[in-house]
Each structure stands twice: as structure tokens, then as C-alpha cells.
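This report looks at a two-chain model, from single residues to the interface. Please have the sequence and coordinates open while reading.

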Amino acid sequence: MTTTAPAPDTVPATPVRRQKPARTNRNARSRRGISGWTVLILLAGAAALMIFPFWLALINAFKPSTEYIADGPIGIPTQLDFTAIIDFWVGVNFNQKLLNSVILSGSVALIAATLSLLSAFAIGIGRLKGRVWILAVFMLAFTIPQEALVYPLFVLSRELNLYDSLLGVTIILAVLQSAFGTYMLASVLGSFPMEVLEAARLDGASRFQILRLIVLPLTRSTLAVLVTFFFIWTWNDFFLPLVLLPSASNQTVSVSLGALSGQYTSDPTALAAASMAGILPA
Amino acid sequence: MTAVTPAPPAPTSRKSPRTTGTPRRTARETSRGYWIYLLPGAVGFIAIVAIPFGMNLYYSLTSWRGVGTPKFVGLDNYIRLVADPAFWASFLHSGAFIVAMAVIPTALGVFLAAVLFDYIAPKFGTRAASILRAMFYLPQILPIVVAGVLWKWLYQPQYGILNTVLDGVGLGGLRQNWLGDADTSMLAVMNVLIWLQIGYTVVVFMAGLSRVDPALYEAAEIDGAGWFQRFWSITIPQLRPEIAVVLITTSVAALKVFAPIYVLTRGGPGTSTIVPAYFSYSNFFTTTQVGYGAAVASLLALLVTIIAIVLLRYQTRNAEGFEK
């Protein structure tokens, strides 16, 4: 007990981690030396270079453009100036884009998670015949490049009056993303304790009751992870929203920023402000 | 308690008529009713993936401007593709992006993860290592489009940061129109993608290293193995599964890359940064050569599917190895 006692107050984690403080004490601190510090400084320099673009965006988004022209991009602004951000925000009606992105990402996440649960329930609990093949086909939906689907989807959605509507894009993205969710949930449900299901069946539970009262509560944490993934993926998705949501009032945050990159190049701080606005919700 | 005790006899009586048949029949009977739960997913898949993909294959055999009726031309589009330098350029650039998104980030990621895990963490504590890891990971939280906008601004020829800094340190002669010049545009885009991807590989490989038995490292250290010896003989062999999965998934992502190209260069100048995804997009919606674009997209889908199948086979083989 006494040997393991120091471990918990450093890192309360896996046994793998617990070994590390011991090593640190044994030989490392005494051997940091010049080479150790050199490596640390080099690495910290590399890491600083990685986040340098964020820093530049941050300081320049709030810098008056006159000061940018006079002092260049590196200097820290002497005053906080919100004009660039406000100009961008109002200019592209960013509130509208945020609302669109929230609606689209939220509904895609919920619908895709529901679809995933239903399909995975059939495959994982129902043990359908040929389920390995069914899963493989579903995975095609996830790996196939969207370029190979986009023109037919463009044609079909125009015929069904779903072109340039959030509803159409919601359905398409929900189906595409549920493929991944089905794959993940099916493997979780495949190892579901069969005795529990057997017991429920013997008690006369219908399939829907099994789904709602047993499977749903026990997979809640996986579903929460999936909903988060789907939300982020949809938020960041660019290609299909770009093609299927042409009008400004339907655009998402990603699409509006992408479309903007061609304009505004005359004002030096506008793009910094735009990228800050894109970073903030993340 | 009293409510539960009577229960057991009832199920057995209800179960007995079923078990008179073979157990296999029972299982089939129960699984039949589950098909209905597959219905929404299957309908969605057919409507959103199967039918459109079939239509795309059909378009690729036609000459069509997007209006009117497509004219069937057989394999003409594919024959034209083989002779089109832009097509070969786009797949060549895919190769370059596999280097930028898969090969370089994996190599750097393994190295950085090993330095953080086997050098910084023991000498300066896990806290220093995890702060550095978080800094490397930061670009990954950005939506790709935002990263594109950010870098477009950094590369901007007149007032962009890169050129301003070069001026400031007296290297004004190195000023470039980074994205606008065919000589530098490819490298400029690759640089952005490396910047984006490193965080992903570092985090995956550090997670992989934490599952390696630390006794391996300790034993090697006691035997007098230097850091590079430990790197070659322990870190790389131990990380082999992660390296394979990361290489394959990032290669697939590199083949599909679209948003960074759209935001940064639109494939230009000329065709110097064109990729298959953007090439088919511009055929669809800019030059409206739908059949031609569909042919490009079909070939891309074929390539990606082959790689994905390799990935799935590899993963199932690995999973089987785990069970044994």
C-alpha cells in the first residue's frame, strides 16, 4: 500500500499512468540538463507556431484598419475596435446563418441518431440474416465521395421541391451520417447482454417495448456521443450545403464564410474578423 | 418479492410450446419482425445513396448540359478523361495531398507523440506534455472553411502576414503571391493541410502510446538504449495498428478534399491545385458538362471504395486477432 500511496495525488488514472511519476522521481528531474531544455524550447516553439495564426486572427479582428496599415499585422492593437466584426456580422446577416446552422445541425443530429438506433436495433438485437453485408452496404453511404451523389441529388431535390430548403438538406445529411451511427451502435448492441433481452421477451415485452424500455436507456451515453458528432459534422459540412442551399437566407455559417472568401479582400481586417466570427461558436 | 416469485413458472409454460421446434427456428421467427426497424434506414439509403449513385453512373455514360435530355454516348467521357491533362493533374495532386494529409502528419505525429510521451513527460511532467499536445491539437477544432479563410488572409499578397513579416525581417525579396502563383500555390495549400492534420495524428498516437506497457521503456532504458533506439524498437512497432488506421483514413480524406481548395484557390491558378472533387464540381456547376463530371466522380468513388474495403478488411482482421 505504501508504494502506491503517492500515486493518486498526482494522476488519478489508469495503472499505465501511475507508473510515470515513479519514473520521473527515479531519474528524470536530475537529468533534465541542457539538451532537455533545448528539446522543450524547440517543441514549445513549434507549438507556438501552430497557434500563431489564431493569435493573429484574434488581435487583428479587433484592430482598426488604419492601425493595421500603419503598424502592420503583428502589433497588438492600442484600442479595441469592433467595427470589422460588426460590419461582417451585419453585412452577411450572420444571425440568420447561425440560426440556420443551429436548426440544420440540431435536426440532422436528432434524426440521424434515431435512424441509427432503429437500424442498429434491427441488425444488432434482431440479428438479421446477412447483417454483416447489410452493415457493409450501409458503410458505403459513409465512405462514398459526395461528388458521386451530388448531381442526382441536385436533380431529384429540384423535382421534389426540396431544392434550396433546409428540409431537403436535413434529410440527405441525416441519412448519410446515420450510416456511421448504425455501424457504431450495431457493434455496441451486438454485445448486448442476451439474458436481459431473453428475460424481457419471456415477460411478454414486444419488440418496441424492448427498444424503448431496455435498449434506449442502456445506449443513452453512446447516443449522446453520436448526437454530438453529428452536430459538429453538420456544422462543419460544406459541400452539400454549398450546392443545395444557394440563397443567402438559407446558407449555413460554413457556406457563407466560404462564399465570402472571394470578396472583401480589399479590407485587411475583414477576413480576420470573419474567421473570428467562424471560430467563436466552436 | 411476492409479485416476482410467481413469475418463473409462467415463462416456462409459455416458452415450452416454442422450444418444441428447433432453437434455430425460434431465432428466425423472432428476427423476422425486426426487418421493419430496418425500413427507415433502408428507404433512406436507397433514396439518398443507391438511386443517386446509379443515376450518376448513367450520367457518366451520357453527354448532358444539365437541361434537355441526356444523350447516350457510351464510354466516350472516360475515353476523353484519359486524354485530359486536367484529369491527370487532379489525381496527381491527390497524391500530393496524401503526402500532405497522411504521410507527413503521420511521420511528424509519431515523432512528436514519442517526444512528448517519452521525453517531455518524464522530464517535465505530464502537465507540460498535455499543454503542448493541446496546442498542437487546436487547429483541429476549426471548421475547415474557417481555417481556409484564415490562411487565405495570411497568404494575401499585398497586406498578408507572411509577406509583411518577410518585409519586416529584411527578406522582402522572398515576397510571393503565395496562392496566386502556380509555382507556390500547391505548397501553400499543402502547408495548410499539414497544419490542420498534425493535431489529429499527435492525439491518436499519444493515446496509442498510453496503452503501451511502460515496463518496455523502463527495461530498454536500463539496458542502456538511447532515445532513438527506443523510438525505433519500441514506439514504432507498438504503434503499428494506429499508424495503419491513421494512414488509411487520412488518405481517404485526402482523396476527397474539397473545401480547402474551394476556399483557398478554386483549383487555380490554371489547374495547378485542382483535385478530383473540385474538378467534378466545376464540371457539374461551372462548365455544366454533367456527363464528364459524373465520370470523374464515378472514378473517384471507385478509388475511395477500394481503399475503404482495404480498411474494413484490415480492421476486421485486427479485431479477430484481439479475440484470439
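Is B:Arg211 buried, partly exposed or exposed? B:Arg211 is partly exposed, with a relative accessible area of 45%. The classes are buried (under 20% relative accessible area), exposed (over 50%) and partly exposed (in between), with a 1.4 Å probe and protein chains only.

## Basis of the model

This is a predicted model: local features need pLDDT of at least 70, side-chain atom pairs count only at pLDDT 80 or more, and totals for chains, interfaces and linings use all residues. Residues are numbered from 1 along each chain as its sequence is written, chains are lettered from A and ligands numbered from 1 in the order in which they are written, and side-chain values use heavy atoms, with hydrogens and water left out.

## Salt bridges

Over all chains, the structure holds three salt bridges. The rule asks for a side-chain nitrogen of Lys or Arg within 4 Å of a carboxyl oxygen of Asp or Glu. Side chains of opposite charge can pair when their charged atoms come close.

B:Arg211 pairs with B:Glu242, with the closest N and O atoms 2.9 Å apart. The pair links distant parts of the chain, 31 residues apart. B:Arg211 sits in the loop between helix H9 (185–210) and H10 of chain B, and B:Glu242 in helix H12 of chain B. B:Glu242 is buried, at a relative accessible area of 15%.

B:Arg230 forms a salt bridge with B:Asp118. Their closest N and O atoms are 2.9 Å apart. This pair also links distant parts of the chain: B:Arg230 is in helix H11 (residues 227–238) and B:Asp118 in helix H5 (residues 85–124) of chain B, 112 residues apart. Both B:Arg230 and B:Asp118 are buried. In chain A, A:Glu198 and A:Arg201 meet in a salt bridge at 3.5 Å, N to O. Both lie in helix H10 (residues 194–202) of chain A, three residues apart, about one turn of the helix. A:Glu198 counts as partly exposed, at 35% relative accessibility.

## Helices of chain B

Helices (H or I, at least four residues) and strands (E, at least two) are DSSP runs, numbered from the N terminus. Helix H10 (residues 214–222) of chain B has these buried residues: B:Pro214, B:Tyr217, B:Glu218, B:Ala220 and B:Glu221. They lie on the same side of H10(B), because they cover an arc of only 165° around the axis. That arc is taken over the directions from the helix axis to the C-beta atoms. At the start of H10(B), a side-chain oxygen of B:Asp213 comes within 3.0 Å of the backbone nitrogen of B:Ala215. B:Gly224 follows H10(B), with a positive phi near 85°.

B:Ser251 lies in helix H12 (residues 240–255) of chain B. B:Ser251 is buried, with a relative accessible area of 12%. Leaving aside neighbours within four places in sequence, B:Ser251 is in contact (heavy atoms within 4.5 Å) with B:Ile98 and B:Ala102. The C-alpha atoms of B:Ser251 and B:Ile307 are 8.6 Å apart, at 56 residues along the chain.

## Chain A

Chain A has 15 helices and zero strands. Of its 282 residues, 50% count as buried. Among contacts in chain A with a separation of 6 or more, 72% join residues 24 or more positions apart.

A:Ser178 lies in helix H9 (residues 166–190) of chain A. A:Ser178 is buried, at 3% relative accessible area. The side chain of A:Ser178 reaches the backbone oxygen of A:Val175 at 2.9 Å. Beyond its neighbours within four places in sequence, A:Ser178 is in contact with A:Ala112, A:Leu115, A:Ser116 and A:Phe230.

## The interface

How many residues of chain A are in contact with chain B? The count is 94 residues of chain A against 86 residues of chain B. The two chains bury about 8200 Å² between them, 75% of it on carbon and sulfur atoms. Buried area is the accessible area (1.4 Å probe) that two parts lose on being put together, summed over both. Across this interface the rule finds zero salt bridges. It finds four residue pairs in polar contact, both residues at pLDDT 80 or more. A polar contact is a pair of N or O atoms within 3.5 Å; within protein, one must be able to donate a hydrogen and the other to accept it, and residues adjacent in sequence count only if both atoms are side-chain atoms.

Helix H3 (residues 33–61) of chain A gives the most to the side of chain A that touches chain B, with 17 residues. A:Leu56 lies in this helix. A:Leu56 is buried, with a relative accessible area of 2%. Apart from neighbours within four places in sequence, A:Leu56 is in contact with A:Pro73, A:Ile74, B:Trp153, B:Leu154 and B:Ile161.
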